[in-house]
Amino acid sequence: MDFGSFLAAPEIKVKIITYRDIFQDKAMLENRFGEEYRDLSAVVKLDPADLKQLDVKKGETVILKNSFGRVVVKAEESGYETPHRGIAYMPKSPWSNMLISDETGGTGVPKFKDISVTVTSAKGEKVTELML
Amino acid sequence: MEKNYYVCTGCGLLCDDIEVESEKNIVNKVYTACRVGVAHMKEARRNEANFLVDNKPVDEATAIKEAASILKNAKNPLIFGLGTSINETQKAAIELAKKINATLDDTSSFCLGPLAEALIQDKLKTCTLDDVRNKADVIIYWGTDPSDSHPRQLSKYSYFPRGTEKQRGWEEERTAIAIDVRKSHTAKICGNYFFQIPPKGDAEFIDALIAGLSGKLPKTSYNYPPKKLLELANILKGAKFGVIFVGRGLIYSLENLEPLFKLMKILNEKANFHLIPMVGNCNTMGFNENLFAETGYVNSVKFENGTVKHGPEYSIVESLKAKSVDAALIIGSDPLLILPRSIAKNMLEIPVISMDHCETLTSKHSKVYINTAISGVEAGGSAIRMDGVKVSFEPAIETNHPSEEVILKKIMEAL
Ligand code: SF4
């Protein structure tokens with residue numbers, strides 16, 4: 001019997017910083033319902049040490065979750081030289097938008113750049129499809 | 001041979017040096033444009049139906065009638081989008097909003113609206129992108145990554161080109177500086193002049209920079225090395241023609257624009273600095289200017305029997321959150337894609353009319369969808385570049401898709 005499956009998967013908390021990506025923007029113009037746009041959007045870039053703690057290899061999927069939503073996206077290494085544990089990067093997209101608070105303090109401005117989530121391995125679960 | 005240059009409406013830069021090869025009104029080749037621009041100019045290859053009601057093809061008259069009836073039956077309709085529409089369409093939309101007592105807003109209410117307003121009211125010193133190309137010696141990218149969002153900004157205007165007073169360009173005569181929370185592609189180009197700050201650290205960084213500019217010791221709670229800050233202050237003090245390109249990264253991190261006003265004031269006491277907003281869409285600036293000319297506000301308004309109300313409660317975000325709008329006309333925008341799902345989901349409960357040149361998340365949820373011509377590629381007109389310069393353009397190809405302006409006028413007539 002595999003006792004490992006009874007143990008809770010390692011979980012970490014990260015803050016997500018969103019960014020624009022020219023390749024992803026181009027893919028959106030070509031087809032926002034297409035695979036290329038999904039592949040370039042449903043991604044989170046983590047510090048290698050965070051990936052290790054999660055027991056997730058680059059290219060595998062992870063679950064990003066908070067009280068506003070849950071998405072499964074592909075985990076990648078950020079490639080930044082300076083370590084940034086606890087901070088993750090995501091291209092701005094409907095996938096990152098699933099995780100943004102509806103709390104605006106009446107300002108009309110959502111907290112696009114202030115996203116906190118927990119990350120766990122998705123254990124092979126597929127990337128979330130675009131919500132139609 | 002005389003060449004025809006077209007304007008790319010792919011971003012706020014409105015590049016006016018685009019060459020296009022087309023045959024039978026299909027764009028085959030695009031020269032000079034960036035990757036995004038090429039994809040944008042080729043967007044015209046589409047074969048969707050022009051008019052849908054409940055996702056079924058209908059004729060124009062049926063779609064217009066349905067749209068008019070949705071707007072007529074609504075107590076408080078929302079009109080939103082228009083960032084990629086030509087000035088003429090924006091003015092028609094303002095007229096329509098007045099006529100149906102609508103709430104009217106665009107993306108600037110959750111992007112760079114406050115900055116656009118300050119610039120329109122002459123509260124900040126600005127200049128044109130051509131001035132930047134010809135004169136700028138110190139260029140700051142703050143909370144923005146044009147290499148990804150406005151791909152030709154560095155090569156056409158700000159850093160790499162030769163200019164009338166900058167013959168030796170970036171190698172010797174220009175200093176590019178990036179201030180950001182992450183090492184973006186633009187930050188990489190800036191090399192040693194990349195100043196990485198923690199999220200929400202901008203206001204403190206500005207305070208420390210002001211201290212440095214005034215000869216005091218710059219301090220931050222996140223212990224930014226004072227030596228680096230003083231080095232930055234010294235470069236800025238020596239600027240003969242400085243410019244700060246401000247993006248959403250900076251605006252989202254500030255509670256209000258006060259720190260930026262203070263910084264610009266001191267920079268202009270010690271040197272010569274201008275500010276240009278990194279407006280994303282090709283004519284958000286036009287929307288802000290057109291609405292301001294009509295109402296004195298740049299976004300988030302509600303028309304009511306000849307009067308106009310303004311405030312964040314009339315922004316798309318707050319109207320959807322409070323469910324105060326009961327129908328929506330979305331023009332050239334995809335709120336279901338760009339807004340947080342937690343807010344945009346409320347749009348699924350009201351009848352929506354969408355006008356766009358391709359199917360979007362929003363159009364798929366619309367009662368009425370009208371596939372309109374692409375401004376710039378298929379429809380001529382004028383737009384306001386991110387630096388406030390008006391750019392007029394002719395279409396690159398002909399189309400049988402109706403223009404947004406014509407559709408708005410037809411809806412008005414049908415009301
Ligand atoms: S930089 Fe912007 S306007 Fe210029 S070609 Fe690229 S997308 Fe078009």
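Student: How many salt bridges does the structure hold over all chains?
Tutor: There are 30 of them over all chains. Keep in mind that this is a predicted model.

Student: What makes A:Arg20 and A:Asp25 a salt bridge?
Tutor: The cut-off is 4 Å between a side-chain nitrogen of Lys or Arg and a carboxyl oxygen of Asp or Glu. For A:Arg20 and A:Asp25, the N to O distance is 2.9 Å, so the pair is within that limit and counts.

Student: Is A:Asp25 buried or exposed, and how do you know?
Tutor: Buried means under 20% relative accessible area. A:Asp25 has 13%, so it is called buried.

Student: On to chain B. What do the side chains of B:Asp54 and B:Lys367 form?
Tutor: They meet in a salt bridge, N to O 3.0 Å.

Student: Why are B:Asp54 and B:Lys367 put in the class they are in for accessibility?
Tutor: B:Asp54 has a relative accessible area of 40%, so it is partly exposed. B:Lys367, at 29%, counts as partly exposed too.

Student: How do you know that B:Lys98 and B:Glu294 form a salt bridge?
Tutor: Their N to O distance is 2.4 Å, and the limit is 4 Å, so the pair qualifies.

Student: Where do B:Lys98 and B:Glu294 sit?
Tutor: B:Lys98 is in helix 3 of chain B and B:Glu294 in helix 14 of chain B, 196 residues apart, a link between distant parts of the chain. B:Lys98 is partly exposed at 32%, and B:Glu294 is partly exposed at 39%.

Student: What makes B:Asp16, B:Asp17, B:Arg152 and B:Lys156 one network?
Tutor: Salt bridges that share partners join these four residues.

Student: Now the interface. How many residues of chain B are in contact with chain A?
Tutor: 40 residues of chain B touch 40 residues of chain A. The area buried between chain B and chain A is about 3500 Å², and carbon and sulfur atoms give 64% of that. In chain B, the residues that lose the most area to chain A are B:Arg35, B:Arg182 and B:Leu337, together 17% of what that side buries.

Student: Why give an area at all?
Tutor: The size of an interface is often given as the accessible area lost when the parts come together.

Student: How many salt bridges are counted between chain B and chain A?
Tutor: Two. One of them joins B:Asp334 to A:Arg32, with the closest N and O atoms 2.9 Å apart. That is within 4 Å, so the pair passes.

Student: What pairs strand 17 of chain B with strand 18 of chain B?
Tutor: Two strands need at least two bridges. These two have four, in the antiparallel sense, so they count as paired. B:Ser382, for example, has B:Ser392 as its bridge partner. In the hairpin, five residues lie between the strands, and B:Gly388 takes a positive phi near 90°.

How values were computed: Residues are numbered from 1 along each chain as its sequence is written. Chains are lettered from A and ligands numbered from 1 in the order in which they are written. This is a predicted model: local features need pLDDT of at least 70, side-chain atom pairs count only at pLDDT 80 or more; totals for chains, interfaces and linings use all residues. Side-chain values use heavy atoms; hydrogens and water are left out. Contact means heavy atoms within 4.5 Å. Buried area is the accessible area (1.4 Å probe) that two parts lose on being put together, summed over both. Buried means under 20% relative accessible area, exposed over 50%, partly exposed in between (1.4 Å probe, protein chains only).
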